Amino acid sequence: MRILIVTQYFYPEQFQINEVASALVDRGHSVTVLTGLPNYPKGDIYDGYEKAYRKDDEYNGVRVVRCKLHPRKNGPIHLILNYLSFCGNAARALKRLKEEYDIVFAYQLSPVLSARPAVIYAKRHKLPLFLYCLDIWPESAQAQIKNTSSLPYKMVAQISKKIYSACDHIAVTSRPFMDYLHQKNGIEPSRMSYIPQHSDKTYLDTDFSKAKEEKVHFMYAGNMGKGQVLEVIVNAVALLAKRDDFTVHFVGDGSKREELEGLVSTLGLKDRIVFHGNQKREDMPRYYKMADALLLTLRGNNAVGDTMPGKLQAYMSTGKPILAAINGAAAEVITESDCGACVRAGDSEGLAKLMEHFIEHREEYTDCGARGREYFAKNFTLDIHIKQIEERLERTINEYKHSI
């Protein structure tokens, strides 16, 4: 297949589309990526890429075509300009492409507007459009637009529906997304499929076992932002503050870290909760080895909270039990795989009870890690993911040909 991928983010920015595009090339396909100048997450254009839009690049056999965009920097105005500049400049950059393609592949993170150039190109060249949806809209817009009756929200909703409706097929990363897209945007179930994200399988072959000690070590690893509602973990620890036989480790960084540290100090939990800061990937194994169980939380006040965060797959690959306060697809996977236990999102009291039960009955969780790894190996490796993507692309092409 000759595949044109449209994505606002690509190497050297760290997103899974890097591995997906490379793997498609390895499987014999011709892949071109249209993307912007790399500036995520720091906000400034990466050194050496300021004029990268003038000349095509190459990454692991993937042809990379870049367009100008306004850097994210700090503040909502810059972020909005970043989104709008990619949408406009990518559409113009696509005119430079003289090759013929079999399908357009839109890799849709936030905002949904980033997929509009793919819609324009597919329509103009009469090509099938496949969209891989990692974030549902207009639901995600509610983080910034609280009033769903307002004109801005209605405009976002209209744009979202128009983009999704233009797709020949949409693959979602979480099953609940299909219900949302059907109910909110009118996308027929027959035009959607579930293809979960992949995760690095390196940890599957790493021994993270540890000698049992009296004190239990829980760990949360990853982004510490608003969506992770990590105050749920802090509040759970506060409910267990009389116990001295456990410690919670936060490994990572994010916009809410300083606020969380303040909350920990206010509640007098510095002897129960330790912040280790952001760590290099190569240093993470020693933290996973230290942990007896891994903690996972996500907001549950809207449909976005029904997603399955990539962190869950990474956790499963370590072979550690998982205790979570989460809804939707993640809760379904934890229950289906029997790799741990979970309560509803936001339930600090329920999470505290899970943690206490683990402390007092660790033997009941002995096989959870192995079950998690087994489930991961059957569902979340890159090989499995690429096979699903490849089959879906081929099927979308064939269905499109038969429809015209």
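View 1. Tyr40 is partly exposed, with a relative accessible area of 32%, whereas Phe15, at 18%, counts as buried. Here buried means under 20% relative accessible area, exposed over 50%, and partly exposed in between (1.4 Å probe, protein chains only). The model is predicted: local features need pLDDT of at least 70, side-chain atom pairs count only at pLDDT 80 or more, and totals for chains, interfaces and linings use all residues. Residues are numbered from 1 along each chain as its sequence is written, and side-chain values use heavy atoms, with hydrogens and water left out.

A search of the whole structure finds 18 aromatic pairs. Phe15 and Tyr40 form a tilted one, 5.2 Å centre to centre with 50 degrees between the planes. Rings of Phe, Tyr and Trp (its six-membered ring) pair if their centres lie within 6.5 Å; planes under 30 degrees apart count as stacked, over 60 as edge-to-face and the rest as tilted.

**View 2. The pair Tyr203 and Tyr288.** This aromatic pair is edge-to-face, at 5.4 Å centre to centre and 65 degrees between the planes. Tyr203 lies in the loop between β8 (192-194) and β9 and Tyr288 in helix α8 (residues 284-290), so the pair ties together parts that are 85 residues apart in sequence. Helices (H or I, at least four residues) and strands (E, at least two) are DSSP runs, numbered from the N terminus. Both Tyr203 and Tyr288 are buried.

**View 3. A cluster of rings.** Phe218, Phe246, Phe358 and Tyr365 are linked into a cluster by ring pairs. Phe358 is also one of the buried residues of α11.
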